[in-house]
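Q: Could we go through this protein model together, starting with its pockets?

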Amino acid sequence: MPKQVDREARRRDVVDALFRVVVRDGIQRASLRTVADEARLNIGSVRHYFVDQEELMRFAMRSMLDRVGARLQRRVEELGDLSGLPAPRIRRCAVELLCELLPLDDSRRAEVTVLIDFSTAARTHPALDDLARETATATRSLVHRILARLDTAGGLRPSLALDTETERLTSLLDGLAFTAVLRPDVLDARTCATVLRAHIDDLGPATG
């Protein structure tokens, strides 16, 4: 009998190969042929699962968003109810969660690299624009949720404008991620985490 192939598993294998190419060589090198070579498949096999490069790119970006989103949702649920915790502990929990968006280890560095490359490519590839917009919107939504929970639990200064603080914090995260991926010799993982922690602490109630 012919060997049965799990279609979705094979598509994931191809996407993982695409991610490796993007991380190593950049999205401009991620053609169907280079991805096929990386996945150790012939190009005809890749075309069996993806009609063209656009379909592959969209599927890959969707997969990355779902992967990161699911992990972040698990981390949000793990936080549970922050009420009653000391304000410094509440902010520390928020920092740990937000660090998931920064390239602080090999896995997160690969994710951030792929997302940056895809989001940049969307500027000149309209087929990716909706997913790039979703990425930006989802990040802001997550940051706003975290700040709102901090506020409710007493971890923020009273009367902060959450919409403004959402944009400030999102911009900080974007800047840290971008620089740490492009110039890790200038901005390392430890400094990223330190800067984020300092920003969140500055949002807390005055002490003394």
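This is a predicted model: local features need pLDDT of at least 70, side-chain atom pairs count only at pLDDT 80 or more; totals for chains, interfaces and linings use all residues.

Q: How much space lies in the largest pocket?

A: The largest pocket holds about 720 Å³ of space. A pocket is an open set of points on a 1 Å grid over the protein atoms alone, where a 1.4 Å probe fits, with protein on both sides within 12 Å along at least five of seven lines; lining residues have an atom within 4 Å of a point. A volume is the space filled by probe spheres set on the points, which are joined across faces, edges and corners.

Q: Which residues are closest to its centre?

A: Of the 30 residues that line the largest pocket, Leu101, Leu115, Thr135, Ala136 and Thr139 are the closest to its centre.

Q: And which helix gives the most to that lining?

A: Helix α7 gives the most, with 10 residues. At least two lining residues each come from α4 (53-79), α6 (106-121), α7 (129-152) and α8 (162-182). Helices are DSSP runs (H or I, at least four residues), numbered from the N terminus.

Q: What about the second largest pocket?

A: About 180 Å³ of space lies there. Its lining includes Ile27, Gln53, Met57 and His125, and α4 supplies the largest share, 3 residues.

Q: Changing topic, is Arg11 buried or exposed?

A: Arg11, which lies in helix α1 (residues 7-25), counts as buried because its relative accessibility is 9%. Buried means under 20% relative accessible area, exposed over 50%, and partly exposed in between (1.4 Å probe, protein chains only).

Q: What is Arg11 in contact with?

A: Leaving aside neighbours within four places in sequence, Arg11 is in contact with Tyr49, Phe50, Glu55 and Phe59. Contact means heavy atoms within 4.5 Å.

Q: How many disulfides are there?

A: A search of the whole structure finds 0 disulfides, a disulfide being a pair of cysteine sulfur atoms within 2.5 Å.

Key: Residues are numbered from 1 along each chain as its sequence is written. Side-chain values use heavy atoms; hydrogens and water are left out.
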